[in-house]
Amino acid sequence: MDQIQINRRVMTVVNVTVKFFAQARELSKVKNTTIQLPQTLFGHDLRSILTDQFNLLSIGNIFILAVNENYISDNLEITLREKDVVAVIPPISGG
């Protein structure tokens, strides 16, 4: 685990794998990657980080997030651990 300093506050960061599906994969141009994220954050913070870093603005408010196969909401506080898996799942339509 590493630490970063944000606004004079030391924050623990962890390495997680992010997997992109369907349109999220097309927009991000990667299938999966490993990134550092704050160990503790809210779902909306995670959404914002991923939207900014991976060109997901066009689906930023509508994709679903999951951590270790558990869906998370924007107002949920999340504690991540090393090697957790975050999934970015865009809305799926069909007929």
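Analyst: Rule first: rings of Phe, Tyr and Trp (its six-membered ring) pair if their centres lie within 6.5 Å; planes under 30 degrees apart count as stacked, over 60 as edge-to-face and the rest as tilted. This is a predicted model, so local features need pLDDT of at least 70 and side-chain atom pairs count only at pLDDT 80 or more, while totals for chains, interfaces and linings use all residues. Residues are numbered from 1 along each chain as its sequence is written, and side-chain values use heavy atoms, with hydrogens and water left out.

User: How many aromatic pairs by that rule?

Analyst: One. Phe20 and Phe54 form a tilted pair, 4.9 Å centre to centre with 55° between the planes.

User: Why does the pair tie together parts that are apart in sequence?

Analyst: Phe20 is in strand β2 and Phe54 in the loop between α2 and β5, so the pair links parts 34 residues apart in sequence. Helices (H or I, at least four residues) and strands (E, at least two) are DSSP runs, numbered from the N terminus.

User: Are Phe20 and Phe54 buried or exposed?

Analyst: Both are buried: under 20% relative accessible area, where exposed is over 50% and partly exposed in between (1.4 Å probe, protein chains only).

User: What is Leu56 in contact with?

Analyst: Contact means heavy atoms within 4.5 Å. Beyond neighbours within four places in sequence, Leu56 contacts Phe20, Ala24, Leu27, Ser28, Leu50, Thr51, Phe63 and Val88.

User: New topic. What's the overall pattern along the protein chain?

Analyst: β-β-α-β-β-α-β-β-β-β. That comes to two helices and eight strands. Of the 95 residues, 36% count as buried.
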